[in-house]
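This report describes helix packing and ligand surroundings in one protein model. The sequence and structure are shown first.

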Amino acid sequence: MTQEVFEQVQLTQPDPELQAIGNKVFRGDRVLPHEALLLFEKGSLPWLGALANHIRETKHGDTTYFNRNFHIEPTNICVFSCNFCSYSRLYAHKEEGWELTADQMLDIVKKYDGQPVTEVHIVGGVHPKLTLHFFADLLKKIKAHRPDLHVKGFTPVELDYMFRKAKMSRKEGMLFLKEAGLQSLPGGGAEIFAPDIRKQICEDKVDGAGWLEIHRIAHELGMHSNATMLYGHIEEFSHRIDHMEQLRQLQDETGGFNTFIPLKFRNKDNAMSHIPESTIIEDMRMYAIARIYMDNFPHLKAYWPMLGRNNAQLTLSFGVNDIDGTIDDSTKIYSMAGSEEQTPTMTTEELVQLIRQARRKPVERDTLYHVIRDYSEAGV
Ligand code: V47
Ligand code: SF4
């Protein structure tokens, strides 16, 4: 955005405090927590969108990334009972859930033999009988079968439980899994770090400090990771800001995060179903403020199986430069929570089309954002 266009944009937001924040963002200065609160409370959608889009285009131009990945969800049996979760079943009701053997999971990997997928994303419930050694063997089997497949797996919720059961420190456990073939951590399990909110929505799993520590250890071991935030339930704007601030501080120290992924709370069939879902306007404001606040995160991702493909397209005008890329139908965490996408499958052609329709440049990436193929040329 040129200075001239920026001045026009600023005229749409006459509040002097917001204008001052707009000036900072345009200069590339960092927005502080109390300023982020003003953005949430008073920033208009088009103004926030223009600022977020300016940052997005400064960092990435029109490039919009997607990747070819598939998911393995080893089990939905879980020792925890997060109130927002529509997907898990307690061990006592294990006949209602599923639990895959290592061979069944390897068969899922083999289904993609000869197909140009670059990543497998492994995440599931915290099963009391699936141990660190079980998952290390699984990783070894996957890497032995397909060494070029990048394994992104396990949230600190799963990891913390496995490490404690194996009586290993977090560092020993991470090193053990890394040596078995684990390459990156996905962003899940973060929810909202603030203890008073965490206590009400997911009391018994790893706390915010533990989540951050496990990612810090992964970064120190040279691994990269993502970070999520579950928003739009009982939290207040101040909790979202606190969450983003803690992530931004860790990123200042390690630089190990690739992507920030705001996750909209979906309310079907869970213990928080009485809470209304956020509106699309609120969602777009969330993405825009995330792009403005998380200045040291290279990428902002919208996870389309959760938002639905039309809304995901819209996020590309509010700071998002990555729309993930699940290509098969194995992701149940959102379809069970009421997402528009009951069978989240999109072919590469459909993903490319979706990005082009939003007048952006589709680029296939690998997990670490190396370009695999640029689809921006007409006819490609
Ligand atoms: O941590 C669970 C969320 C997360 C609901 O790193 C819900 O590339 C909304 O983290 N409404 C797991 N959200 C999924 C996740 C993820 C997804 C895609 C890509 C990546 C990545 C990570 O799903 C959980 C929780 O925050 N979740 N239930 C719900 N009812
Ligand atoms: Fe278990 Fe994860 Fe569901 Fe919580 S969100 S109950 S940890 S599967």
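## Packing of H3 and H12

At what angle do helix H3 and helix H12 pack, and how far apart are their axes? In this predicted model, H3 (residues 33-42) and H12 (residues 280-293) pack at about 160°, with their axes 10 Å apart. H3 is therefore roughly antiparallel to H12; angles over 145 degrees count as roughly antiparallel, under 35 as roughly parallel, 65 to 115 as roughly perpendicular and the rest as oblique. Axes are lines fitted to C-alpha atoms, for helices over the stretch in contact, and angles run from 0 to 180 degrees between N-to-C directions. Helices are DSSP runs (H or I, at least four residues) numbered from the N terminus.

Contact (heavy atoms within 4.5 Å) involves Pro-33, Ala-36, Leu-39, Phe-40 and Glu-41 of H3 with Arg-285, Met-286, Ile-289, Ile-292 and Tyr-293 of H12. By class, the contact of H3 with H12 has eight nonpolar, no polar and two charged residues. Ala, Val, Leu, Ile, Met, Phe, Trp, Tyr, Cys and Pro count as nonpolar, Asp, Glu, Lys and Arg as charged, and the others, Gly among them, as polar.

## Packing of H4 and H12

Helix H4 (residues 45-60) also packs with H12, at an angle of about 45° and with the axes 8 Å apart; the two are therefore oblique to each other. On the H4 side, the residues include Leu-48, Leu-51 and Ile-55, and on the H12 side they include Met-284, Ala-288 and Ile-292. This contact of H4 with H12 has ten nonpolar, one polar and three charged residues.

## Packing of H6 and H8

Helix H6 (residues 132-145) and helix H8 (residues 170-180) pack at about 25°, with their axes 8 Å apart, which makes H6 roughly parallel to H8. Phe-176, Leu-177 and Ala-180 of H8 meet H6 residues, among them Leu-132, Ala-136 and Leu-139.

## Ligand surroundings

Ligand 1 has 23 residues around it, each with a heavy atom within 4 Å. Among its polar contacts (pairs of N or O atoms within 3.5 Å), a backbone N or O atom of Phe-84 lies 2.9 Å from a ligand nitrogen atom. A polar side-chain atom of Asn-226 is 3.0 Å from an oxygen atom of ligand 1, and a side-chain N or O atom of Lys-301 is 2.9 Å from an oxygen atom of ligand 1.

The shell around ligand 2 includes Cys-78, Cys-82, Phe-84, Cys-85 and Lys-205. By class, this shell around ligand 2 has seven nonpolar, two polar and one charged residue.

## Conventions

Residues are numbered from 1 along each chain as its sequence is written, while chains are lettered from A and ligands numbered from 1 in the order in which they are written. In this predicted model, local features need pLDDT of at least 70, side-chain atom pairs count only at pLDDT 80 or more, and totals for chains, interfaces and linings use all residues; side-chain values use heavy atoms, with hydrogens and water left out.

Notes
Polar contact = N/O pair within 3.5 Å; in protein donor to acceptor, adjacent residues only side chain to side chain.
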